[in-house]
Amino acid sequence: MAAAFDPSDLPAERRDRYARLADEIAAVVEGEVDEVARMATVAAMLKAAFDHYFWAGFYRVDPKRPEELMIGPYQGTLGCLRIAFGRGVCGRAAIDKQTIIVADVDAFADHIACDPRSKSEIVVPVLDACGRLIAVFDVDASERGAFGQADREGLEAILSRTFAA
């Protein structure tokens with residue numbers, strides 16, 4: 001069993017916070033082979049660690065419908081149950097396999113509003129060790145412009161270390 005996680009012990013600066021979280025998450029999921037268990041842990045720890053996270057969770061590639069994402073483990077209000085590849089920020093990140101930061105969701109032409117309180121978003125593709133897309137990690141904030149380069153780099157590092165290693 002991992003030691004208790006206390007987000008109040010994390011550094012205040014975002015880059016440092018993500019770096020420490022990468023180590024904390026790695027320690028908690030070490031030896032866990034179940035992908036959903038790792039996803040649930042990542043979502044819970046990241047949501048607890050950042051006040052600007054309104055919603056944080058995974059949309060997994062549906063093995064029965066490989067051009068569709070289905071809701072996975074998440075923290076926050078209800079999310080959309082399914083998202084087609086190419087639709088919204090999550091679907092676009094799935095197609096492009098690139099992180100997308102949207103400073104103002106109202107300015108993103110195909111944004112899917114699962115919760116109208118969401119004002120900005122970051123979506124990071126999650127790849128396995130062979131480079132196959134297994135999910136996207138979606139984070140919403142209730143403030144515009146809540147995500148930047150530190151979030152991109154921190155999330156990409158954590159997700160790569162947790163799922164592609």
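## Basis of the description

Contact here means that heavy atoms lie within 4.5 Å. The model is a predicted one, in which local features need pLDDT of at least 70 and side-chain atom pairs count only at pLDDT 80 or more, while totals for chains, interfaces and linings use all residues. Residues are numbered from 1 along each chain as its sequence is written, and side-chain values use heavy atoms, with hydrogens and water left out.

## Asp62 and its surroundings

Asp62 is found in strand β1, where helices (H or I, at least four residues) and strands (E, at least two) are DSSP runs numbered from the N terminus. Not counting residues up to four places away in sequence, Asp62 touches Glu68, Met70 and Arg82. With a relative accessibility of 5%, Asp62 counts as buried, given that buried means under 20% relative accessible area, exposed over 50% and partly exposed in between, with a 1.4 Å probe and protein chains only. A polar atom of the Asp62 side chain lies 2.8 Å from the backbone nitrogen of Lys64.

## The sheet

Six strands form an open sheet in the order β3-β2-β1-β6-β5-β4, and the pairing is antiparallel; two strands pair if DSSP finds at least two bridges between them. Strands β3 (82-84) and β4 (100-102) stand at the edges with a single partner strand each, so one side of each is left without a neighbour in the sheet. From one strand to the next, the twist averages 25 degrees.

Strand β1 (residues 55-62) pairs with strand β2 (residues 65-75) in the antiparallel sense over six bridges, and Ala56 stands opposite Gln75 in β2. The antiparallel pairing of β4 and β5 runs over three bridges, with Ile100 opposite Val123 in β5, whereas β5 and β6 pair in the antiparallel sense over eight bridges, and the bridge partner of Ile122 in β6 is Val139. Strands β5 and β6 form a hairpin with five residues between them, and Gly131 in the turn has a positive phi of about 85 degrees.

## Helices across the sheet

Helix α3 (residues 88-96) lies across β1, β2, β3, β4, β5 (120-127) and β6 (133-141), and runs at about 30 degrees to β5. Helix α4 (residues 149-163) lies across β1, β4, β5 and β6, running at about 30 degrees to β5. For these angles, axes are lines fitted to C-alpha atoms, for helices over the stretch in contact, and angles run from 0 to 180 degrees between N-to-C directions. Strand β5 is mostly covered, with seven of its eight residues buried.

## Aromatic pairs

A search of the whole structure finds seven aromatic pairs, where rings of Phe, Tyr and Trp (its six-membered ring) pair if their centres lie within 6.5 Å, and planes under 30 degrees apart count as stacked, over 60 as edge-to-face and the rest as tilted. The rings of Trp55 and Tyr74 have centres 5.1 Å apart and planes at 20 degrees, so this pair is stacked. Trp55 lies in strand β1 and Tyr74 in strand β2, so the pair ties together parts that are 19 residues apart in sequence. Trp55 counts as buried at 3% relative accessibility, whereas Tyr74 counts as partly exposed at 27%. Tyr18, Phe50, Tyr53 and Phe147 form one aromatic cluster.

## Cysteines

A search of the whole structure finds zero disulfides, a disulfide being a pair of cysteine sulfur atoms within 2.5 Å. Cys90 counts as buried at 3% relative accessibility, whereas Cys130 is exposed, with a relative accessible area of 59%.

Conventions
Polar contact = N/O pair within 3.5 Å; in protein donor to acceptor, adjacent residues only side chain to side chain.
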